[in-house]
Amino acid sequence: MSNIEEKNQAKKDKSEKISKFAEVLSSLRKERGISQKKASCDLGISQALLSHYEKGIRECGLDFVIKCSEYYGVTTDYLLGVSNNRNGLSLACEIGEENEDGFSVASLANATKFLIDIVASAMDKNTAKYIYNYYTLCLYRGAITMAKAGILPTEMFKIDINLGRELANAAIAVEDAKFCFIEDKSRTGADFSQKTALHTIIEKAEESIISSFIIE
């Protein structure tokens, strides 16, 4: 390959990388329901510059890639199109050998470890806290089921196991609602130039709902 061909190929590769980054950057913003105005403000750049980045017109620096990675809660590799895995964890889990009944305790242990690894690697503290609380409640509910079946002693529980199961179900539902708010709290909706009385009422109602779940 001649020098000219190498330069052309390098130029093409660079263009493809910029295009991929632009595509991912734009899709992440739209996925979260964030306006360009909101995202550019949060990222500390002008809306026009963000628009150029999302269209692949301009090339950004490494600092901006890192900032976007933290803002959207994904790895830089995902942003740059190097990996399809958002959190950098390998989805490949060692599968344990099944016993004669068709289930594998080893597979269950590996899947559990995978979930714990997600908690440890979560970029957002609210996400990590959600996964920890949710998984703890699920384990607690499972332990109650085992106690009801006579596999675990009921003395392990301070709360009556029948009441505990109902409370655990309710607590899991609350955690689900909290996580929805964590994911949605950056959504801005349409950019209205004028705010009506209805906008004010909706805003107050949503503030009340969010405060009820104590979202940081």
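**Confidence and layout**

User: Over which residues does pLDDT stay under 50?
Analyst: Residues 186-192. The model has 14 contacts for them beyond four places in sequence. pLDDT is the predictor's confidence in each residue, from 0 to 100, and contact means heavy atoms within 4.5 Å.

User: What sort of model is this?
Analyst: It is a predicted model, where local features need pLDDT of at least 70, side-chain atom pairs count only at pLDDT 80 or more, and totals for chains, interfaces and linings use all residues. Residues are numbered from 1 along each chain as its sequence is written, and side-chain values use heavy atoms, with hydrogens and water left out.

User: What is the mean pLDDT of the chain?
Analyst: It is 77, and 69% of the residues reach 70 or more. Among the helices, helix 3 (residues 47-55) has the highest confidence, at 93. Helix 6 (residues 105-121) has the lowest, at a mean of 70.

User: How many helices and strands are there?
Analyst: There are 9 helices and 0 strands. Both are DSSP runs numbered from the N terminus: helices are H or I with at least four residues, strands E with at least two.

User: Now helix 2 and helix 4. At what angle do their axes cross?
Analyst: Roughly 115 degrees, and the axes come within 11 Å. Axes are lines fitted to C-alpha atoms, for helices over the stretch in contact, with angles from 0 to 180 degrees between N-to-C directions.

User: Which residues make the contact?
Analyst: Helix 2 gives Lys-38, Ala-39, Asp-42 and Leu-43. Helix 4 gives Phe-64, Lys-67, Cys-68, Tyr-71 and Tyr-72.

User: Switching topic. How many aromatic pairs are there?
Analyst: The count is 3. Rings of Phe, Tyr and Trp (its six-membered ring) pair if their centres lie within 6.5 Å; planes under 30 degrees apart are stacked, over 60 edge-to-face, the rest tilted.

User: Why does the pair of Tyr-53 and Phe-64 count as tilted?
Analyst: Because their planes are at 45 degrees; the ring centres are 4.9 Å apart. Tyr-53 sits in helix 3 and Phe-64 in helix 4, 11 residues apart.

User: Are those two buried or exposed?
Analyst: Both Tyr-53 and Phe-64 are buried. Buried means under 20% relative accessible area, exposed over 50%, partly exposed in between (1.4 Å probe, protein chains only).

User: And how much of the chain is buried?
Analyst: Of its 216 residues, 26% count as buried.
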